[in-house]
Amino acid sequence: MLTEKVLEDIFGTADLYSVLGVDRSATGSKIKKAYHRKSLELHPDRQENEEDKEKFTEKFQYLHKAYQLLSDKDRRAEYDEHGTLEMEDDGLLGKARTPDEWSALWRSLFKPVTKEDVVKFE
């Protein structure tokens, strides 16, 4: 479950906006672009050894959860108002996903990433 403690441990901050590298006034499109950029940086398939892949898989999953929350206007408003993640029994972000589900979700959201795409974002 996504909690402030988990975010602090993984990203060094408990703030969802800081995880994505945007400020609280960011538009939905800025949040999406920041998520895309950060997900390219943290994607486990870009890691060379298995230990890093496992670590980055976890980071990537929590990054996606942060994006899910901030890209949903109702959840974002609730987060902004309460300043906490634990507002529902199953958390704001719903069920956990398997690595295969994350992979399918990623592929449904974004086109395949090429080296040219990475260069453009750097």
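Tyr-67 is buried, with a relative accessible area of 12%, where buried means under 20% relative accessible area, exposed over 50% and partly exposed in between, computed with a 1.4 Å probe on protein chains only. Tyr-35 is buried as well, at 1%. This is a predicted model, in which local features need pLDDT of at least 70 and side-chain atom pairs count only at pLDDT 80 or more, while totals for chains, interfaces and linings use all residues. Residues are numbered from 1 along each chain as its sequence is written, and side-chain values use heavy atoms, with hydrogens and water left out.

Tyr-35 belongs to helix H3 and Tyr-67 to helix H4; helices are DSSP runs of H or I with at least four residues, numbered from the N terminus. H3 covers residues 28-42 and H4 residues 50-71, and the two pack at an angle of about 175° with their axes 10 Å apart, the axes being lines fitted to C-alpha atoms over the stretch in contact and the angles running from 0 to 180 degrees between N-to-C directions. That angle makes H3 roughly antiparallel to H4, a term used for angles over 145 degrees.

Tyr-17 and Tyr-79 form a tilted pair, 6.1 Å centre to centre with 40° between the planes. Tyr-17 lies in helix H2 (residues 16-20) and Tyr-79 in helix H5, 62 residues apart, and both are buried. Tyr-35 and Tyr-67 are stacked, because their ring centres are 4.2 Å apart and their planes stand at 10°.

In the loop between H3 and H4 sits Gln-47, which counts as buried at 15% relative accessibility. Its side chain reaches the backbone oxygen of His-43 at 3.3 Å, and, not counting residues up to four places away in sequence, Gln-47 touches Glu-41, Asp-52, Lys-53 and Phe-56.

At helix H5 (residues 73-82), the N-terminal end is capped by Asp-72, with a side-chain oxygen 3.0 Å from the backbone nitrogen of Asp-74. H5 is followed by Gly-83, whose phi is positive, near 65°.

Methods
Polar contact = N/O pair within 3.5 Å; in protein donor to acceptor, adjacent residues only side chain to side chain. Contact = heavy atoms within 4.5 Å. Parallel < 35°, antiparallel > 145°, perpendicular 65-115°, else oblique. Phe/Tyr/Trp six-rings, centres within 6.5 Å; stacked < 30°, edge-to-face > 60°.
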